[in-house]
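User: I am new to this structure and would like a close look at one part of it, the open sheet. Please set it in the context of the whole protein.

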Amino acid sequence: MEKAPRKKAKTPLRGRTLLLLALGCALLAGGVLLYLRTRPAALPPLEEKETVMLLKRPEEEIFSIAVTPREGAAYPLVREGDRFILAGRPEEALRQTILDEMLLTLTNLPAESVLLEDMQAQQSVTPSDFGLEPPLVRVAVTYVDGEKEELLIGDRAPDDEKPQRYCMLKGDQRLFTVLWADSEALLHDVDSLRDFEQPSLDASLLDRIDVTGDIKWSLYYTPSGWYMDAPFSYPLSPGRVEALLSHVENMGFASCLGEAEKMNLEPYGLDAPALRVTLTQAASVISGETVQGESVTLPVDQKTYTLLIGAETGKSGVYVEWNGLVFRASNFLLGFWKELNYQNYLLQTPVNFLTNNLTALTFSFGGSEKSYEVRMVESITQNNQIATDEYGRVLYDCAVKRAGEEKDMDAEAFLSWYTHLASLSADGELPKGYVPSGESRGRIELKNESVSRVIEFYPYDALHDALAVDGVALYYVQKTWLDGVADAP
């Protein structure tokens, strides 16, 4: 058996000590009251009890839903047959996903905790301390038998592990919390209910993007990669452009506010938009098969889409116009347009043509010039057969010959040297507005069936060359790099 710990003898409290203790308790009680008045915290839950269901009647018994937000317009939803419509606006299509979320919450809403059994009995707190007077949103549900329930959703309860909001039922003095996820379904404003079609863009079909307004930038697609032609002509980084195209493809809107021609666009900043984005989608062909098994193709003409970026909503969002409709969108999905900076997209590795996309190369350095013709030829096996992969596709090899010669040269030697050329990368930025002068120290010209790219090296300082791509000098490289590739095959 464990020994019982000895108890220390108690010392009687003297009169002065008792007075100080009483005063301390009074100050503590006053401090607690002030804290509850000024900064309500999650009160300790009562003893573990059976789960309290705030709303639990099935969907088919709901006749109407009236939503009154603290900010914004109130709106009523009423049952019409097997669906809900906006009262007085039966012709307006609603987003079924939003309605389904709302109905799911209103037919199965458990309280996460019961914080107070009787709010009226608490003199230290009031519903307004929890954002319940007025509530963040008031949802009144009327059932087909005439019964009514009114749910009040308030501020967020301070619980980081399981986000919750305070709530009450009208006529019930208990203070509850509900899960944040459940409360979100009831916070949609009337504009969020309006049905609309989200953008559906295939980034692989985009041919051109033009941005005007606060930002001016134009870029276009070539089989050799993306180029920009405003504010000047320059090749772009494939990886950076792919990331931009991914953002474009994932554009989405939060709610539709109405038809632009019927609205005053000034409050949304769309009378003079900050940005106008024009997206040009290439003509394409859709292939398919009929029910009879016949293959068919359908040509699709080139399409142009216009996106106008307006003012901030003030809630991490932005107003936009698309296809004649005004939308509210989150900056998470649309904010990238206002953050565009063409300098982040410029190509800093200009020798980036793949060998199967290269037809000619000329290298000039130290007073000599060497030119090469490059082509792809069918790969031949040792049995003198055309080589194929496991799917039966023909394999190709790179064949190279020097300009003016009839026979092919050693392709391996050329490919090894070309790998060194492809290592060319900017070491730093030149001063803005820098223009090279004098004769270039070296020159590389790359060609294929769609574009020609000229890369030139100009003396910049004792250690570096200015690197000009198609006549535009933005970066510098070490002088030793050009010397390292001088021994062309």
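Analyst: The protein exposes about 28700 Å², of which carbon and sulfur atoms supply 50%; accessible areas come from the Shrake-Rupley method with a 1.4 Å probe, and for residues only the protein chains shown count as cover. This is a predicted model, in which local features need pLDDT of at least 70 and side-chain atom pairs count only at pLDDT 80 or more, while totals for chains, interfaces and linings use all residues. Residues are numbered from 1 along each chain as its sequence is written, and side-chain values use heavy atoms, with hydrogens and water left out.

Of the 489 residues, 40% count as buried (buried means under 20% relative accessible area, exposed over 50%, partly exposed in between, with a 1.4 Å probe and protein chains only). The secondary structure comes to 8 helices and 29 strands; these are DSSP runs numbered from the N terminus, helices being H or I with at least four residues and strands E with at least two. Among contacts with a separation of 6 or more, 60% join residues 24 or more positions apart, where contact means heavy atoms within 4.5 Å.

Now the sheet. Its 9 strands follow the order S14-S13-S12-S11-S16-S19-S20-S21-S15, with antiparallel pairing, and the sheet is open. Its edge strands are S14 (234–235) and S15 (255–259), each of which pairs on one side only. Two strands count as paired if DSSP finds at least two bridges between them. In general, strands of a sheet pair through backbone hydrogen bonds, either parallel or antiparallel.

Within the sheet, S16 (residues 275–281) and S19 (residues 303–312) pair in the antiparallel sense over 7 bridges. Gln281 stands opposite Lys303 in S19.

Helix H5 (residues 238–249) lies across S11 (206–213), S12 (217–222), S13 (225–230) and S16, and runs at about 80° to S11. For that angle, axes are lines fitted to C-alpha atoms, for helices over the stretch in contact, and angles run from 0 to 180 degrees between N-to-C directions.

Strand S17 (residues 284–289) holds Gly288. Gly288 is partly exposed because its relative accessible area is 33%. Apart from neighbours within four places in sequence, Gly288 is in contact with Glu294, Ser295 and Val296. Leu298 is 10 residues from Gly288 in sequence, and their C-alpha atoms are 8.3 Å apart.

As for cysteines, Cys256 counts as buried because its relative accessible area is 3%, and Cys398 is buried at 15%. The whole structure contains 0 disulfides by search, a disulfide being a pair of cysteine sulfur atoms within 2.5 Å.
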